[in-house]
Amino acid sequence: MSTANPLPLWQPDPQRIAQAQITKFQSWAAEHHGAPALGGYPTLHRWSVDELEAFWKAVTQWFDVRFTSPYARVLGDRSMPGAEWFPGATLNYAEHALRAAATRADEPALLHVDETHEPCPVTWTELRRQVGALAAELRALGVRPGDRVSGYLPNIPQAVVALLATAAVGAVWTSCAPDFGARSVLDRFQQVEPVVLFTVDGYRYGGKEHDRRDVVTELRRELPTLRAVVHIPLLGTEAPEGALEWSDLTSADVDPVFEPVPFDHPLWVLYSSGTTGLPKAIVQSQGGILVEHLKQLGLHCDLGPGDRFFWYTSTGWMMWNFLVSGLLTGTTVILYDGSPGYPDTGAQWRIAERTGATLFGTSAAYVMACRKAEVHPSRDFDLSTVRCVATTGSPLPPDGFRWLHDEVREDLWIASVSGGTDVCSCFAGAVPTLPVHIGELQAPCLGTDLQSWDPNGTPLIDEVGELVVTNPMPSMPIHFWNDPDGSRYHDSYFAVYPGVWRHGDWITLTSRGSVIIHGRSDSTLNRQGVRMGSADIYEAVERLPEIKESLVIGVEQPDGGYWMPLFVQLAPGAVLDDALLDRIKRTIREQLSPRHVPDEVIQVPGIPHTLTGKRIEVPVKRLLQGTPLDKAVNPGSVDDLDLLRFYEELARKRA
């Protein structure tokens, strides 16, 4: 494995290495905190995980984190779960996100782009003013630290303003994209009981307007804790009765007041895919996200004032929160609201050209779609500002690396990154001073003791194992909402290897220090970079009277594609004809989202279960990936082994 790609695809030149923030940080940390001065990134990484407290103290000083109250020590308790970071400290995330207004007042903090692809700037001064006005109005509405504020919003400036105003007050932000159906949103928001809901009347996607007023009506009806609903007329409609107008809440010229909150005070709630029931409501802290994102964006992504940061995302995905944090480094953040491929597959490259993006973030699936559609970015667009193309959501296949190198630029830093909603950050990926090898992530991230383990907990090199992290990260969840004894949090990450985070990915750590991601080691669906729950799909499909039971599987393909079939066991007398196929897909699209619609619907004789009645997803996924039956499942754990032979035979035919 380690010698498969002996020559790098790309190597940073000495000037680029010297100018990188991470190089300057290493020299400074060597002088002030005992970091190794020589040896480059590998020695810096080793020090960052061996001397965890010195490293994170250095990060807070390098980025001038403003503590309103000082901390007693960096790490009060390092046990996982439950690590205690910077006890005694108070600060505010939003204050740091708006600091550049003092030095770059009239420069753009945000560039908003819709499907016309014309950038619309929001200056630092204007962003700060709107946040100040809205934070004051939230306080007037009775919103207090710890209250939840929710957004049913697309990727527009108003969403950023609402998040920052919520954080300024010390309240807790949570959001869903407006392509989510009411049930998907309620499964999330009902758990956290928001007191305010920011919402649009609809959104534009693929050249069409999508009215969401009926969904908003249902959300208002089903969220009894709401004290206020704020209407953003994206499609130009009147505010519904009882709703407040966005423009009325953001018109005042008010300086923001930033509530100092404890380091581990909740900042936002993100949601897992909901594979085995309700989505997990993952709570991350103001301080933990602040220092983790400063490290990730400032050192790993090498972003700072003068940069322009684009990532294709929606407000329902952690990458949106990550994108907004670009503001922490004084970077201009590019918000694109629309289809990734409208009016044509080259849309995202056109946005990069028109906004002058320096870091261009997208999904591996988009890169492969461009390759398939024979898009020629460097021929058709001026991408001279783009220094780095970063991809996430799924591993970037080797052909994707080659295509970016050939079709964007030979001197291009390609950063395939991998992390999770669970930490709202990356475990491995971008390092501006290291070479790029085809099909590989450059290295584990600073402060992250990333390892590959076998089932016995033995570390592996150049072999496939479970992705584990053996030391705490500041952005690990402080808890899950509605998990009073912490059992769901513990069982999600720490049940397999006690005291060690097991993420659920198969990885290889190579002997050259790079990382290869092989996909999920569990049954989580991961399509176009968004993890989704099978439970949502089962709930929607099995409401149809013709469907007795169903099983959905996501399978990573060798060519970098992703196949998501839905297997259905029909009720007696039902027939899987075109009309039923259409109804299944329409039901999923309307109740969940277009992303949830399967690639194929396949009739099966039955759905296999464990002896305790749980659907068997992981063994079926393994069978579809070509694993022999006797290695894919323990025969003694299945209610009907013969049912599994159908999936084994299907895999054989597809191969």
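The model described here is predicted.

On another pairing of S6, five bridges join this strand to S7 (residues 172–176), again in the parallel sense, and within S7 the residue bridged to Gly151 is Ser175. Together with helix H7 (residues 157–169), S6 and S7 make up a β-α-β unit that is right-handed.

| Strands | Bridges |
|---|---|
| S6 and S7 (residues 172–176) | five bridges |
| S16 (residues 308–311) and S17 (residues 332–336) | three bridges |

How are the residues of S6 oriented? Arg148, Ser150 and Tyr152 point one way, whereas Val149 and Gly151 point the other way, and all of them are buried. In a regular strand, the side chains alternate between the two faces of the sheet. Because five of the five residues of S6 (residues 148–152) are buried, the strand is largely enclosed by the rest of the structure.

Helix H7 also meets helix H6 (residues 124–140): their axes come within 8 Å and cross at roughly 55°, which means that H6 is oblique to H7. The crossing of these two helices is right-handed, and the residues that meet there include Leu127, Val131 and Leu134 from H6 and Val161, Leu164 and Ala168 from H7.

A separate open sheet contains seven strands in the order S5-S4-S17-S16-S18-S19-S20, with mixed pairing. Strands S5 (120–123) and S20 (413–416) stand at its edges with a single partner strand each, so one side of each is left without a neighbour in the sheet. On average, and with direction ignored, neighbouring strands of this sheet are turned by 20° against each other. H7 packs on the sheet as well, touching S4 (108–113), S5 and S17, and its direction makes about 140° with that of S4. Within the sheet, Phe310 stands opposite Ile334 in S17. Helix H13 (residues 347–355) lies across S4, S16, S17, S18 (359–363) and S19 (388–392), and runs at about 165° to S18.

Elsewhere, Ala182 is found in helix H8 (residues 182–192), and its relative accessibility is 10%, so Ala182 counts as buried. Beyond its neighbours within four places in sequence, Ala182 is in contact with Val215, Glu218 and Leu219; the C-alpha atoms of Ala182 and Leu219 are separated by 6.6 Å, although these residues are 37 residues apart along the chain.

Key:
Residues are numbered from 1 along each chain as its sequence is written. This is a predicted model: local features need pLDDT of at least 70, side-chain atom pairs count only at pLDDT 80 or more; totals for chains, interfaces and linings use all residues. Side-chain values use heavy atoms; hydrogens and water are left out. Buried means under 20% relative accessible area, exposed over 50%, partly exposed in between (1.4 Å probe, protein chains only). Helices (H or I, at least four residues) and strands (E, at least two) are DSSP runs, numbered from the N terminus. Two strands pair if DSSP finds at least two bridges between them. A crossover is right-handed if, with the strands pointing away from the viewer, the path from the first strand over the helix to the second runs clockwise. Axes are lines fitted to C-alpha atoms, for helices over the stretch in contact, and angles run from 0 to 180 degrees between N-to-C directions. Angles under 35 degrees count as roughly parallel, over 145 as roughly antiparallel, 65 to 115 as roughly perpendicular and the rest as oblique. A crossing is left-handed if the near helix is turned anticlockwise from the far one by less than a right angle, and right-handed if clockwise. Contact means heavy atoms within 4.5 Å.
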